[in-house]
Amino acid sequence: SHVETNLRVDLDPGIYRVVVNTHIDDDVEVSDVEIRMGQETLKVARVGRFQVILSGANSGSRLPFVIMDYNMSNILGRAMTTPDVRHLVVPEGHYKIRIENSTSGLDVQRPLEVSFGRITPIQIGVSTTEEGDEGDDQ
């Protein structure tokens, strides 16, 4: 389902650059946005959102996780799980999420495909005993 997140702002006529800050080191820019007197201008920033959802015995825990490129060669950003609904904004694309907690033995990696205009949920099961990774996600 498509989620509409239009942001509106009144600007004087001119040429602008729009920057969408994301939760990783890669912001999304839309250059050469021309605003004309008396006309509404619509521009699209190719970003999507995702949410990490913990389930199981420790689902209320706050665990740190990293957002990595799909090949897992670069850490692009860091965040924390939360029992509250929290959507993270990233440029559309393929990523991997990794949660590692040495005290509980948790080490989970999940592929993440973020599409424009959508919220992608990532479900991760956690418990007090190590269950291993559910399935072999590539």
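Figure 1. Where pLDDT is low, the predicted coordinates should not be read in detail. Across the chain, the mean pLDDT is 83, and 83% of the residues reach 70 or more.

Figure 2. Of the 138 residues in the chain, 33% are buried. Among contacts with a separation of 6 or more, 55% link residues 24 or more positions apart.

**Figure 3. The three-stranded open sheet, in the order 6-3-9.** The pairing in this sheet of 3 strands is mixed. Its edges are formed by strand 6 (88-91) and strand 9 (119-126), each of which pairs on one side only. From one strand to the next, the twist averages 35 degrees.

Figure 4. Strand 3 (residues 47-56) and strand 6 run antiparallel and are joined by 4 bridges. Within this pairing, R49 has V89 of strand 6 as its bridge partner, and G48 stands opposite V90 of strand 6. Strand 3 and strand 9, by contrast, run parallel, with 8 bridges between them. The bridge partner of S55 in strand 9 is G125.

Figure 5. T120 lies in strand 9. Its relative accessibility is 15%, under the 20% limit, and T120 therefore counts as buried. The side chain of T120 reaches the backbone oxygen of E113 at 3.3 Å. Leaving aside residues up to four places away in sequence, T120 touches R49, F50 and Q51, together with L112, E113, V114 and S115.

**Figure 6. The four-stranded antiparallel open sheet, in the order 5-4-7-8.** This sheet consists of 4 strands with antiparallel pairing. Strand 5 and strand 8 each have a single partner strand, so one side of each is left without a neighbour in the sheet. Neighbouring strands are turned by 25 degrees against each other on average, direction ignored. Within the sheet, strand 7 and strand 8 run antiparallel and are joined by 9 bridges. One of the paired residues is I99, whose bridge partner in strand 8 is V108.

**Figure 7. The largest nonpolar core.** This core holds 20 residues, of which F50, V52, F65, I99 and I124 touch the most other members. Two or more residues come from each of strand 3, strand 4 (64-69), strand 6, strand 7 (93-101), strand 8 (106-114) and strand 9. Strand 8 gives the most to this core, with 4 residues.

Figure 8. Not counting residues up to four places away in sequence, I99 touches V52, L54, L63, P64, F65, T81, L106, D107, V108 and I124. Two of these contact residues, V52 and I124, are themselves named with I99 among the members of the largest nonpolar core that touch the most others. A second, separate core has 7 residues and includes I35, A45, V47 and V89. Of these, V89 is also the bridge partner of R49 in strand 6.

Figure 9. Most residues other than glycine have a negative phi. D32 is not a glycine, yet its phi is positive, at about 55 degrees. D32 is placed in strand 2 (residues 28-35). With a relative accessibility of 62%, over the 50% limit, D32 counts as exposed. M72, likewise not a glycine, has a positive phi of about 60 degrees. The position of M72 is in the loop between strand 4 and strand 5 (75-80). M72 has a relative accessible area of 23% and is therefore classed as partly exposed.

Terms used:
Residues numbered from 1 in each chain as written. Predicted model: local features only at pLDDT ≥ 70, side-chain atom pairs only at ≥ 80, totals over all residues. Heavy atoms only, no water. Pairing = 2+ DSSP bridges. Axes fitted to C-alpha atoms, helices over the stretch in contact; angles between N-to-C directions. pLDDT = per-residue confidence, 0-100. Core = buried A, V, L, I, M, F, W, Y, C linked by side-chain atoms within 4.5 Å. Buried < 20%, exposed > 50% of the residue type's maximum accessible area, 1.4 Å probe, protein only. Contact = heavy atoms within 4.5 Å. Polar contact = N/O pair within 3.5 Å; in protein donor to acceptor, adjacent residues only side chain to side chain.
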